Amino acid sequence: MLLLGCVKEVSDYELAISLPNGLSGFVPVTQISDAYSKLLTKQVAQGELMEELNSLPDMYSPGALVRCIVTSIEKSDDGRRSVKLSIDPKKVNKGLNPTALAAGMLLSGSVLSVEDHGYLIDIGVTGTHAFLPHQKAKNYIKAIKKGPDLKIGQSLNCVIVEVKNEGRVVCLSIDRSEVAASIATERQNWTLSNLLPGLVVKARVQKMAPLGMKLTFLSYFTGIVDFMHMDPEKSMSYSPDQVVKACVLSVHPTSRAVRLTLRPPFLHPGGAPRQLPGQRMGAVLEEATVKTFYKQFGAVFELDDGTLAFARLKHLSKTRKSFKPGAFKEGSKHKCRIIDYSLMDEMCIVSLKHQIIEARFLQYQDIHTGDVVQGKVVSLKPIGMQVKVADGIRGLVPSLHLSDVILKQPEKKYNIGDEVKCRVLECNPGGKKLILTLKKSLVQSKLPVLSNYEDAKPGLITHGFVVCAREFGCIVKFYNDVKGLVPKNELGSEPISCPDKVFYEGQVLKVMVLKCEPQQERLLLSFRLSSKPGPENKWKSTPKEKQEVKYQIGQIVDVKIMKKKDNGLEVSILEEEDNVVAWIPTLHLSDFVATSKLLWHCLREGDVLPRVMYLSDKGEHIILSRKSAVISAVQEEQVVRSFSEIQPGMLLTGYVRNVMPFGVFVEFPFGVTGLAPKVSMSDKFVTDTKDHFVVGQTVIAKVMSIDEEKQRVLLNLKVSECSSGDSAAESFALLNQYFKELKENRDLLRRGEPSICELVAGKRVHLVVQDVREDGSALFSGSSVTGLTVIATRYHLGDKNIAPGEKRKALVLHVDALTSEVYVSLREELLKQKP
């Protein structure tokens with residue numbers, strides 16, 4: 001089907017064309033002309049830019065009329081139809097042959113090549129050479145202001161000035177006055193097979209009808225003018241046999257139906273319809289008056305400024321069922337919104353649908369960088385996720401931006417149809433390009449949005465994401481492709497030798513602007529959000545600030561106990577200068593929970609604890625740990641510093657943070673946490689998790705799997721799985737450590753409770769029976785156990801019957817310094833053994 005269209009938008013890859021009756025279509029870059037397609041193919045093959053190849057925006061401007069032919073109608077997934085067009089003269093003028101060409105004919109041409117005296121024009125007629133002299137083109141070139149020459153692929157409205165050699169050579173003109181004066185006549189021998197849209201004809205009114213009228217033209221042709229294409233000023237004054245000027249709008253190849261327009265801008269070839277003022281697009285009008293209602297098509301409204309607007313049937317109500325034709329009587333008023341403008345009909349297209357009137361966005365121009373938008377997942381592709389923000393507005397979430405961490409399997413987290421909350425990283429309405437991010441830290445950020453270099457003032461703190469980490473530092477990106485460099489010395493308070501090991505692509509971090517040169521688009525940034533201490537600006541002695549400057553996880557310090565509290569020790573870090581306050585939780589005094597409690601019991605305020613490790617700075621305090629297994633893991637670099645470093649199969653040393661009925665949560669240095677489910681907790685069958693682990697216990701865990709979307713790590717705590725090879729050596733090392741810590745505790749105990757320190761397992765003591773309890777156990781006293789509770793269980797009393805007051809020899813089995821309890825045995829086989 002041949003149609004007259006008007007260029008609505010121009011991008012590098014296609015022309016958006018406004019068609020009659022509010023329709024629109026697209027001309028892909030490959031459907032401009034043969035010569036242009038050849039240049040494109042050549043450029044792609046050579047891989048370099050060619051001088052003679054101009055982009056579509058260099059050749060086409062919105063508002064220009066073009067003849068098109070429909071090449072295909074494609075149906076998208078959501079049921080929308082997309083009309084693909086071609087303006088290639090070979091397709092548009094395919095009905096013409098050399099013998100049909102006549103002087104005065106108006107047709108489409110496309111620049112084929114630039115010659116010395118003019119241009120060779122492709123008019124799509126095989127066997128005909130068309131030439132356009134410079135003289136006949138200069139006024140047109142001056143008027144369109146697209147450069148000193150016409151460009152290959154440029155579409156032209158041409159008038160045939162002269163035909164030579166039976167149509168094998170034709171001479172053309174594109175002079176505006178000559179084109180505007182050309183009227184199709186019978187002498188030009190137009191036939192139904194080669195009739196072209198855009199031809200202006202003299203026509204006679206044959207018949208009037210409510211939805212339009214029938215005309216005859218060029219002697220024996222008939223055509224239809226529908227209600228949208230009558231001259232609005234004269235629509236009521238037409239009468240049969242009246243002669244009018246009309247322009248061919250479309251020619252249907254099979255039904256041979258010809259449609260015409262009587263609208264003034266089309267009655268001079270080369271004219272251009274008027275555009276809608278930009279600010280009207282998207283406007284909501286409280287009262288639009290119904291001018292006419294057509295039950296098969298829709299309604300024509302008169303707007304507040306007197307212009308006409310059209311609403312299609314489907315835009316008059318929410319659903320087909322809720323549509324009430326009675327509500328659209330002539331003169332009735334309705335609230336509507338301008339959703340489009342049809343250049344070919346010179347009419348606004350409006351919608352009465354509530355959801356469209358209330359919609360936040362109608363076109364790409366309504367969306368601004370930094371906006372938080374709701375969207376629906378349309379598709380998942382390797383490059384990222386397509387999100388529908390509104391009707392006709394789609395955005396792309398690149399794979400890097402699907403989450404705060406890089407997702408290996410996004411389909412596990414997102415499903416088509418899911419509602420997602422995104423933030424606009426970049427919006428280019430001209431190219432209909434919308435880039436979004438789903439990174440929570442960016443979407444929820446309350447910091448300023450940095451979308452141009454002019455706003456990057458020194459001292460500004462904002463969120464950015466790492467796009468590259470190398471030995472020279474990190475490149476961080478913001479909105480609208482604004483990017484800057486964080487040099488190596490600004491990556492942290494301590495030197496970082498391998499930034500690529502610490503930072504990862506896509507990581508969102510707070511950054512501070514140090515320096516910006518907007519003209520050069522150069523931006524210098526820092527991850528250190530506090531300024532460097534100057535000599536005159538001594539750091540205040542708050543723990544938080546001191547820790548930011550001085551300490552890193554893994555650093556070993558000596559501390560002095562300032563206060564003993566129920567759940568830990570408040571200590572000061574021994575330094576040359578001011579003391580910094582820190583906290584050692586009781587559970588972090590030793591790898592062994594029982595030893596931790598005993599050590600807390602033995603220590604006094606003022607004691608010095610050597611070799612304690614800096615663990616974290618969560619909350620108010622710096623947290624320190626004395627767990628030797630954790631300290632050696634950090635020192636030997638057998639740790640993970642961030643979630644992204646974790647790999648299945650790793651053996652990591654950590655400590656139990658929580659014991660739940662379904663499993664055990666284990667925390668590791670640098671703050672990474674994992675879960676060991678009930679089935680992976682022990683080699684034995686687990687009935688109650690509390691029977692196997694206690695909070696604070698040091699454990700070695702094996703990483704089973706990682707769920708990057710939920711940032712979860714699953715662990716295995718089975719002893720059989722968590723050995724690095726030489727399990728005997730590991731066990732002896734642990735036992736050795738345990739006895740070493742017991743000895744340290746005994747030395748501390750001597751200060752306050754010397755008697756309990758003398759009692760060691762295996763020592764023989766003389767005791768007096770105090771009491772025999774109901775359960776068969778007995779209590780003892782004696783000079784060597786003054787102030788202690790001495791117990792022998794029923795089994796350890798042996799076969800002898802004992803009575804209170806009797807003297808007995810006993811063997812020490814266990815001393816519990818915390819409860820001041822001593823367990824002894826009176827059994828002969830133990831007492832006989834040599835000490």
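Keep in mind that the model is predicted.

Let me start with the overall dimensions. What radius of gyration does the protein have, and what would a compact globule of 835 residues have? The protein has 44 Å, while the globule would be near 28 Å. The box filled by the C-alpha atoms, taken along the principal axes, is roughly 145 × 60 × 50 Å. Of the 835 residues, 45% count as buried.

Next, the contacts. If we take those with a separation of 6 or more, 58% are between residues 24 or more positions apart. As for secondary structure, there are 15 helices and 45 strands.

Now the record. Residues 104-175 are 10% helix and 47% strand, with end C-alpha atoms 13 Å apart. For residues 370-439 the values are 6% helix and 54% strand, and the end C-alpha atoms again lie 13 Å apart.

Let me turn to one barrel. How many strands does it have, and in what order do they run? The barrel is closed and has five strands, in the order β31-β32-β33-β35-β34, with mixed pairing. From one strand to the next, the twist averages 55 degrees. Helix α12, residues 628-635, packs on the sheet and touches β31, β34 and β35. The direction of α12 makes about 60 degrees with that of β34.

Last, a hairpin elsewhere in the chain. Strand β14 covers residues 243-251 and strand β15 covers residues 258-261; their pairing is antiparallel, over four bridges. Here the bridge partner of Val-248 is Leu-260, in β15. Which residue in this hairpin takes a positive phi? That is Arg-256, with phi near 60 degrees, in a hairpin that has six residues between the strands.

That is where I will stop.

Methods: Residues numbered from 1 in each chain as written. Predicted model: local features only at pLDDT ≥ 70, side-chain atom pairs only at ≥ 80, totals over all residues. Heavy atoms only, no water. Pairing = 2+ DSSP bridges. Helix = DSSP H or I, 4+ residues; strand = E, 2+ residues; numbered from the N terminus. Axes fitted to C-alpha atoms, helices over the stretch in contact; angles between N-to-C directions. Contact = heavy atoms within 4.5 Å. Rg over C-alpha atoms; globule rule 2.2 N^0.38 Å. Buried < 20%, exposed > 50% of the residue type's maximum accessible area, 1.4 Å probe, protein only.
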